[in-house]
Each structure stands twice: as C-alpha cells, then as structure tokens.
Amino acid sequence: MNRKGLYVLIALALGGVGAAHAQDNTAAAASSTAASGAPAWPNGFDDRWYVAPTVGGYFNDTDRNTHSRQIFYGLSVGKFISPNVSVELFADRTQRDADTDVFGQGNKWSNNNAGISVRYFFGDWNSWRPYLMGGVMGSYHNNPLNDGWAPAAQAGVGLSKTITDSVDFRVEGAYRYDWDDKTQPVHNGYGDWYLGFSLVARIGPVPAAAAPAPPPQPAAPDCSKQFRNGVNLCDNKCPDLPEGTIVGPDGCPQKVVIDLKGVNFKFDRPKKGETNIEPTLAVPASDSMAILDQAVDTLKRYPQVHVTVAGYTDSVGTAEYNQGLSERRAKIVYDYLTAHGIDASRLEGPIGHGENDPIDTNKTAAGRARNRRTELQVQQ
C-alpha cells in the first residue's frame, strides 16, 4: 500500500494535537474544578494513572496475503498530563490466517506491538469528547517467512465518555502502518485499519469536593454619611461608644473642662436681691466676664454637656451666713448662663457649699479672695 496516505493522516493528527495543546488550558481546568461539587484535584484536573483494556476488529492490508479481518486485543497504561491531553504506553496483539498459496497450509501471521500514543480531547470532561490520536511503536511479526521487529506508526480519531468518576468508555478508529519489508521483500510495508473499544479505569481515590467559594462581601457603606456622636465614621476612631458620649474631633472620649478660675466675687457679694453679676465681681470685673462668656461658648459647642453650678465663700462670717452667700453666688451665675442661651435642663443647681471645700488658705487676703468663687462642675 502507498505510504502517502499514512503520512498525511499522521501529520494531520499530530499537527492537530500540537496546535490544540498550545491553547491555554488553564481556564478550562479552573472552570472544571470550580463546578459545584467537583473534586478538588491538586492540578485542577484528574491526573490519576489509568489502565485501559481494549478489544476490537483489525482490517488487513490486502498486500499481506492473509484473511481480510480478525480481532485484536491489548492493554494501555497512561494518564492525563493536562485537562485535554493524555499519554499512554500500550501493547496489543493480532493474529491472521495466512493465504495457503503464499505461506503454506494452515499457517498464521501474528503481530505483537508495543509503543506510546498521545491523545488530544475536545469538550467538557463529563460530555462525549471527540479526540485525535497519534502514536509510534515497535511491531514484532511472526510468520513462516520471517520473525523480527519493524517500526510502525498510527493515527486516528475516537470518542470518549465518562461513565463514573473513575471509569470512561471510548471507541477509536485508526490507521496503522507497519514497515515490515522482510516477510515479503516485494512489499516494503503494510497499512491496516482497526476499530477498538476500551474501558479506561483510573487508579486511586477521588479527592473530596472543593469548598464553595465564599459569597462576595457586601459593599461597605459610605462612611462619610454615617455619624456617631457627631463624628463621621471615616474619621471616628471610637465608633462603638454609645450615642451621647462627649467626644473630641476623632470620636474618642473627650473630657470637657469648663474653668471658671479667675471669676471671683467681692467680699460679701452679691447681696440679697442683687441680680446684675458684673458689679459683684472682683476687680477687674472685665476679666471675670470674659471667662464667663468663654464658658457660655463651650457649653454651646458641646450641647450634650451637663454641669452643676456650685457657689463657695471664704471663712469670714458665720457658717449660716456663708451658706446663703454661696447659694446667691451660684444663683447669679446660673441666671447669667440661662440668660445667654444655655437651657436650664442642662444645669444642675444652683447649689451653695458655704465655706466648705476651699481651694486656697483662708489665712491670707489673696487666699480668701480665691475661695470666693463659683464652679461649673461637668457631669461625665
């Protein structure tokens, strides 16, 4: 038989495998692995070793001078090296009835073949997958005219289907050329066809299914439009504080201090019935008024702040008198705050403490002047 048909078929098969293998198989592997319930193969595809017993029909070249067809059988061992490409080592055997006028009465012509083949598969792993096949081998021929080895090659097509997670069925048709030029020197080779059926049995356990991908995280809300204690969450470093906590610009607790140091009263002032605070203040009264106005401003900037208004005296006079005097001092400051826009619900008192809790000595004029005071005590 002319070898040109074989060369063309081999070139088409191997060329198709090579071109297809150059494609990017990574996406196909990732898609297969990511499928719901798919096993978590370490390489992204089933690369277990397998064995494939084969049986089929062999159709002989007429130049062999044998019967036209007979069965053949074989065994392959292989594995996938990518999601679409497998490599196999194989061995098979066929035996023909030789023509009597060439080989003599009752003689046989057998071939034992051993070689390697490559297959390129198309389509999804679990669907019917057509494929191309190409291979090379050594062929040992045994007949009355010659015993010996000759090179051979094959190319073909097939169709494969997964039956279980470890078994495939495939059917394959191929052309095989045997360069045996010793049996009949008038011929330098023979081209045969075969149709084979195989069960591909993979060896080893199937890994557990891959864990499902976690759901995408919901989009984070716009922190610039969310506030806690008056500070937007983009800038708030203490967002878990309860609402109403006194905080600074960073959203963390802020100790508010309203200092009325310097607001001191003249001796024995204010008198009963006196409501204008400025004449009751120690000279210079303008300094004390500035401190009071600053306290009003602080209370307006922190509307959640509550304070207790408390008045004190020095130790001159009776305790009873000083108690009343301290209450008048607290009351005149209390009235000043409410008159300047501070809601009374934020003020506790006014409370007088008399000559108790001095902040300086009562033995000197300067010490007694400092003790004649009013405090705004912040309720934290």
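The link between Cys-238 and Cys-252 is right-handed, with 80 degrees about the S-S bond. In this predicted model, local features require pLDDT of at least 70 and side-chain atom pairs count only at pLDDT 80 or more, while totals for chains, interfaces and linings use all residues. Residues are numbered from 1 along each chain as its sequence is written, and side-chain values use heavy atoms, with hydrogens and water left out. The structure holds 1 disulfide (a pair of cysteine sulfur atoms within 2.5 Å), and the S to S distance of Cys-238 and Cys-252 is 2.0 Å.

Helix H5 covers residues 319–339 (helices are DSSP runs of H or I with at least four residues, strands runs of E with at least two, numbered from the N terminus). Buried residues of H5 include Asn-322, Arg-328, Arg-329 and Tyr-336. Among the elements covering the buried residues of H5 are helix H4 (285–301) and strand S11 (306–311), by contact (heavy atoms within 4.5 Å). Gly-341, with a positive phi near 100 degrees, follows H5.

Leu-195 lies in strand S8 and counts as partly exposed because its relative accessibility is 36%.

Technical notes:
Expected span 1.5 Å × (residues − 1). Buried < 20%, exposed > 50% of the residue type's maximum accessible area, 1.4 Å probe, protein only.
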